[in-house]
Amino acid sequence: MKSNDRLNRERALIRVTALFMSLVLLASCGIFGSGGSPADPAEGQMQGEQAIERFNGEKSRVITSVYTARKELSLTFNGMGDAETMERLLNELDKYGIKATFFLPGIRVAEEPDIAKSIIERGHEIENNTLNHLDLTKLGYEQIYKEIELANEVIEKETGVTPKYIRTKSGDYSDDIRLVAAQLGMEAVVNYNINPKDRDMKNAKEIGDYVARYMSRGGVISLNTDINPEVVPAIGFIGEAAEELGYKLITLSELVKNGGVRKPLEEIPGYDAAKLNPDYKGTPYELVYKANTRKKEIALTFDDWATDKTVTRILDILAEHDVKATFFLRAQGVEQNPNLARAMIEEGHDVANHSYAHQVVTTLTPEELQEDVVKAHQVITEAIQQQPLMLYRPPTGVVDEKTAEIIAATGYPQIAMYDVTTLDWDVKNSADDIINGVMKQTQNGSVILLHILDGIHTAEALPTVLERLKEKGYTFVKMKDLIQ
């Protein structure tokens, strides 16, 4: 055993030494250090070596998350731990059926190529974590180029894989990094939107709970393999959270392949359907509480915003009962997780405006109120990639004649109210309270108000509400269809 270990060390030393010898000149430029002030690109050039010229083409894209309504996200790792740690990590990923993306430093791949090869053999993906696992934002253009280029060469030489993504040690990036990535033909610079901060030496459950709370469609989770040993047992908590949500953890390449490209706001028809309009006095408006109909038709509506766990549970319940609803969304939340709003659209529901910051409209100046309405309209439009339903529901349901005119003047003349409410937003109201309140108040043409908020009992009550209303002969329609 000792002789094999010695042989492996000697082989690794030979590979690393050969790499260092071929790049020795770069050491004087700080390539193998921890960073520092950018060096003059002209310094240290070998005789006959061509200087790296700054790329003047289009910068590479940046991936922080992926535009998708599918129940998929990516688990990514930075650095490369020792052989024992990596083996335990790969075993945990296998146990939970997770395919991950590993951003590996080129030097570590040169030192222990068998680890990198094992990652690929297990069905995972390898990408570029720079040559020396550095924060490239502190380096000059030529140094950045060499760090990325040489890492690519090492990874390809040792594994046969050509990286297409680059991530720095911290995940931070600059225009120079994006230019270099484009110059080297790489597809993207990768950041992340879910960071449980395992560097702070949190325990496995803390890491898992954080990821579970912020788990989202199209999300990119970032963990480190070489800092906190608790990352390995944290995989179990992450895998169980994904399974509970019905989400799949896949490689970043697959996530990108399955996702789409989000159009800029100005390219979406209807983005300007809501506008600031100071000439609001006398603008006609309609407060819609319910429909005047003899048909046993009702509209189910939800207000506000929540995490993927809560919203996905509600969407799944609606799908199981073949019910389409209207969601009035707080755009401040949508802005943080646009894919979740798009998922509502793709599942056949309507999405509408419930303000940006959820402030009581009667407490705002006309300018503040219109700015809030228009901002919410734009955020929701960009998130769902289409014009939302042109209904506005005021936070808390409070509105008066003046504020109704102010809202209508922006392009929202129909203000969506409701006739059935159970105060389900209050955690003190149990599932039974919600069920009984809905059943007692609902009649032909009713607009039912419920909420999507974490920690309340609405999702618990919803299946029974749907079943009992159907038993009474009610048919669910979207609010726009009910009030037409």
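A: Let's start at leucine 318, which touches Leu300, Phe302, Val323, Ala325, Phe327, His349, Leu462 and Leu466, residues up to four places away in sequence being left out; contact here means heavy atoms within 4.5 Å. Please keep in mind that this is a predicted model, in which local features need pLDDT of at least 70 and side-chain atom pairs count only at pLDDT 80 or more, while totals for chains, interfaces and linings use all residues. Residues are numbered from 1 along each chain as its sequence is written, and side-chain values use heavy atoms, with hydrogens and water left out.

Leu318 belongs to the largest nonpolar core, a set of 46 residues in which Leu300, Phe302, Leu318, Phe327 and Leu329 have the most contacts. Such a core joins buried Ala, Val, Leu, Ile, Met, Phe, Trp, Tyr and Cys residues through side-chain atoms within 4.5 Å; buried means under 20% relative accessible area, exposed over 50%, and partly exposed in between, with a 1.4 Å probe and protein chains only. Helix 16 (residues 458–471) gives this core its largest share, 6 residues. Helices (H or I, at least four residues) and strands (E, at least two) are DSSP runs, numbered from the N terminus. Apart from this core lies another of 41 residues, including Phe77, Leu93, Ile107 and Met215.

The whole structure holds 4 aromatic pairs, counted when rings of Phe, Tyr or Trp (its six-membered ring) have centres within 6.5 Å, with planes under 30 degrees apart called stacked, over 60 edge-to-face and the rest tilted. In the pair of Phe302 and Phe327, the ring centres are 5.1 Å apart and the planes meet at 15°, so this pair is stacked. Because Phe302 is in strand 10 (residues 297–304) and Phe327 in strand 11 (residues 326–329), the pair ties together parts 25 residues apart in sequence.

Back to helix 16, where glutamate 460 also has its place. Glu460 is partly exposed, with a relative accessible area of 46%. Leaving aside neighbours within four places in sequence, Glu460 contacts Arg313 and Ala431. Its C-alpha atom is separated by 8.9 Å from that of Ser430, 30 residues away along the chain.
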